[in-house]
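Hi,

Here is the structure I said I'd pass on.

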Amino acid sequence: MTCELYVKNEKERLVPFSVNPFRESRAGPGADEEEGERPPEWLELAGDLAWTATFSSLTSNTSVTQPSAVWNYAVFFCLTWHLWATQTTYDIRYYTNDWWHRLLFASQLGVYAILAAFSGSFNVSWQVDPDATAVFKGNVTELTGEALDQNQEYLITKSFRGINVMLFISRMLLFAQYVRVMIYRKRSKQFWSWRFLLTPLSLLFSGGIFLGCFIMIKEDPDSKTVALTQLILWGIAVISQAIAGAFTPEDERQVLKSEGAMEPRLASLTVIILGEGLNAICGTLNSSMNSLGLSKTMFAQSMSILLILYFIWLLYFDGFRIKYSPSKLLEELWLCLHFPLHLSLILLLEGIKNVFIYVNVVESFNRLNTAFEEVVNEYNSSSLFPDHPLLEKLLRVLKMSWQQEKSDLQVAINADLANGGDINVESQIWRWWGTVVHNVILLYNSQTDPEAEFKFNEFVSSNNTALANDYNDDDTPLLAGFYTIYFEQMAYTGHWIVAVSGTLIMCMAILNT
């Protein structure tokens, strides 16, 4: 190793606590050759991945099966996306590789992690739409129902309090970073304008809003006015920071050591969002292939999904060209337009996954139903359940064996016949079929619905007469009572996926003009 490289390596090992983000004002040759301090690639990637993990916690804990879930996605995404945007705007300009920024980056990761922990009970319908936050109680006692309501309210208000505190802390940490920049700006005698105060003042203002929301919910957790006021104040806090960023002037060229651009960071974030959505879709595809095998329908769905993802990528990264705006106001508007683009992209990918699940559940249901009718018809004609290789294969995924199931059914039917008549044959068959349908639904749905599970328990615990009547009823009210709820939830994606797709294309069109 040469002496020059040795000295450079030793300098890199010595990390100071705080470094001036502005270049030194030097005259003469070499004045513009001072080495820059661009944020390292690992910092950019780690920050983007940490943000993605924060939002993924909401998508993994909440399925978009109701209108309130869509609003939960939109509001939580807005809150977390504005954290990413404001922090990234700072990093591309003022980041220096010192202990000050390393410690604050660790704090930022902590904020993201805690926000993810509080996202589980996040529900913007709290006190605004009581039906959307109502707890299904079934036939519990009045006191137990009150306890369930109190627990639901506690979880939601705790989530809001925690999120408000984390948002307040994140704004104060970023405010401290801008105060440090102001101090260095004065020491270095750089270009000054009162508009440089807009961003730190907006952070202080929004931090006060988040702190005020925390206090309001703590003092009056049962007020609809407080719930509506919180949503309005959140919007004011986010918008105020966007306006401040739009009117904050740019530093002169060759003044900052870190002169990055927001455009590549936005492109990287878009890639990460696409990857996150593709990962969820691949997980669903893997489950479907394990349960049904590679059917023609599944192959067609997979090809359709690949085409959708490919054209999204093509429109954004090929038809789209990164533009460096000559105006700070236009640049901020360009950045803000990525919010609806990223939100619609995430919802579209989530919608594609939900449609894929719904279609595969319907296909599984139809294939099982065909096999079920065949064995029932054979039993009606011979009083024996036949061997059925296809049904054996389909049930294997549910950790069931048709050979064992038909043996157990025959034993139960014989016992019922000894005690009571033909009506019990139909009830045993129908109870078994309802259990199979329930298992198929849960195979594709990681989150159970309390009301649907209550109705399923009512179904399996019904007496033989009720089940036999349900078996002979074309509407099958008992059986349909639980699976209809799940099917309606899975099919709900069709209400909004087209609108989300249109929003995504419109955003890409505007950004590409």
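This is a predicted model: local features need pLDDT of at least 70, side-chain atom pairs count only at pLDDT 80 or more; totals for chains, interfaces and linings use all residues.

On the H4 side, Trp100, His101, Leu104, Ser107, Val111, Ile114, Leu115 and Phe118 are in contact (heavy atoms within 4.5 Å) with Lys158, Ser159, Gly162, Ile163, Met166, Ile169, Ser170, Leu173, Ala176, Gln177 and Arg180 of H6. By class that is 11 nonpolar, six polar and two charged residues, where Ala, Val, Leu, Ile, Met, Phe, Trp, Tyr, Cys and Pro count as nonpolar, Asp, Glu, Lys and Arg as charged, and the others, Gly among them, as polar.

H4 covers residues 99-118 and H6 covers 142-187; their axes come within 9 Å and cross at roughly 165 degrees, so H4 is roughly antiparallel to H6. The crossing is left-handed. For the terms: axes are lines fitted to C-alpha atoms, for helices over the stretch in contact, with angles from 0 to 180 degrees between N-to-C directions. Under 35 degrees is roughly parallel, over 145 roughly antiparallel, 65 to 115 roughly perpendicular, and the rest oblique. Left-handed means that the near helix is turned anticlockwise from the far one by less than a right angle, right-handed that it is turned clockwise.

Residues are numbered from 1 along each chain as its sequence is written, and side-chain values use heavy atoms, with hydrogens and water left out.

H3 (residues 67-94) packs against H6 at about 15 degrees with the axes 12 Å apart, which means H3 is roughly parallel to H6. This contact has 10 nonpolar, five polar and three charged residues. H8 (residues 224-247) comes within 13 Å of H6, axis to axis, and crosses at roughly 20 degrees, so H6 and H8 are also roughly parallel. Here Phe160, Asn164 and Arg171 of H6 meet Gln230, Trp234 and Gln241 of H8, which divides into two nonpolar, three polar and one charged.

Zooming out, the chain has 18 helices and zero strands, taken as DSSP runs numbered from the N terminus (helices H or I, at least four residues; strands E, at least two). Of its 513 residues, 47% are buried; buried is under 20% relative accessible area, exposed over 50%, and partly exposed in between, with a 1.4 Å probe and protein chains only.

What about the cores? The largest nonpolar core has 64 residues, and Trp51, Trp81, Trp84 and Leu266 have the most contacts inside it. A second, separate core of 40 residues includes Leu398, Trp402, Tyr444 and Ala452. A core here is a set of buried Ala, Val, Leu, Ile, Met, Phe, Trp, Tyr and Cys residues joined through side-chain atoms within 4.5 Å. Leaving out residues up to four places away in sequence, Trp81 touches Trp51, Leu266, Leu269, Leu335, Cys336, His338, Phe339 and His342.

Ser383, in the loop between H11 (328-382) and H12 (389-396), has a positive phi of about 60 degrees without being a glycine. Ser383 is partly exposed, at 46% relative accessible area. Lys399 also has a positive phi, near 60 degrees, and lies in the loop between H12 and H13 (402-419). Lys399 counts as exposed, at 80%.

Cheers
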